[in-house]
Amino acid sequence: MTIHPITILGDPVLHQRAARVENFDDQLRTLIADMFETMDAANGVGLAAPQIGVALRIFTYHLENDDDVPDRGVLVNPSLMPGKISGKAPDPDEEVEGCLSVPGANFPLKRAEWVRVSGFDGQGQRLEFEATGWFARCMQHEYDHLDGRLYVDRLNERYKRKAKRTARDRGWGVPGLTWLPGVDADPFGH
């Protein structure tokens with residue numbers, strides 16, 4: 001297994017729709033193992049393939065949940081149907097997200113509290129489940145990566161301005177920037 005560098009906001013692979021996985025083979029299973037290894041080394045709760053420079057519709061996750069879904073898993077070629085988003089402004093204490101591709105930055109974001117998820121595991125077996133709470137947030141966050149969106153793209157105007165300022169101050173927004181979990185300092189201080 002290999003730990004891959006994580007791409008940072010501004011790299012083109014993060015801003016394009018990822019391609020469907022066509023073959024459930026050993027090459028895919030190796031990529032999935034590498035993604036788990038990278039996610040774990042980064043202390044992440046989720047990792048999408050575009051975040052390691054691979055434009056395929058795959059994401060891994062590791063998050064306890066109350067939805068009778070394994071805490072650790074992979075979704076290949078997922079689809080997602082979110083519930084309604086309640087309320088207008090995100091709670092700055094309770095609804096804060098971060099992202100390994102926006103290292104060390106956190107901003108409040110309103111998300112649906114419930115989603116229906118379907119897709120495949122790494123062997124090509126069909127998966128379907130409902131996710132709630134923070135698990136639903138994780139599913140939406142990782143799914144967005146597969147469509148070329150980062151959570152900062154969804155922020156309200158107030159937080160979007162703060163995110164743009166953070167990106168500018170840190171020199172993000174250009175291709176080729178990465179950080180390597182386990183080598184570079186953990187941007188979230190884990």
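Buried here means under 20% relative accessible area, exposed means over 50%, and partly exposed is in between (1.4 Å probe, protein chains only). What you're looking at is a predicted model, where local features need pLDDT of at least 70, side-chain atom pairs count only at pLDDT 80 or more, and totals for chains, interfaces and linings use all residues. Residues are numbered from 1 along each chain as its sequence is written, and side-chain values use heavy atoms, with hydrogens and water left out.

**Overall fold**
- The protein chain has three helices and nine strands, taken as DSSP runs numbered from the N terminus (helices: H or I, at least four residues; strands: E, at least two).
- Reading from the N terminus, the order is β-α-β-β-β-β-β-β-β-α-α-β.
- The radius of gyration is 16 Å, close to the 16 Å that the globule rule gives for 190 residues, so the chain is as compact as a globular protein of that length; the radius is taken over C-alpha atoms, and the rule is 2.2 Å times the number of residues to the power 0.38.
- Of the 190 residues, 47% count as buried.

**Salt bridges**
- The count comes to 13 salt bridges, each being a side-chain nitrogen of Lys or Arg within 4 Å of a carboxyl oxygen of Asp or Glu.
- D40 pairs with R72, with the closest N and O atoms 2.7 Å apart.
- Because D40 sits in helix 1 and R72 in strand 4, this pair ties together parts that are 32 residues apart in sequence.
- R72 is partly exposed at 34% relative accessibility, and D40 is partly exposed too, at 35%.
- D147 bridges to R57, the closest N and O atoms being 3.1 Å apart.
- D147 is in the loop between helix 2 (133-146) and helix 3 (157-170), and R57 is in the loop between strand 2 (46-48) and strand 3, so the pair joins parts 90 residues apart in sequence.
- A network of salt bridges takes in E95, E97, K110, R111, R137, D144 and R154.

**Helix 1**
- E37 is in helix 1 (residues 26-41) and is partly exposed, at 28% relative accessible area.
- The C-alpha atoms of E37 and P181 are 9.7 Å apart, though 144 residues separate them along the chain.
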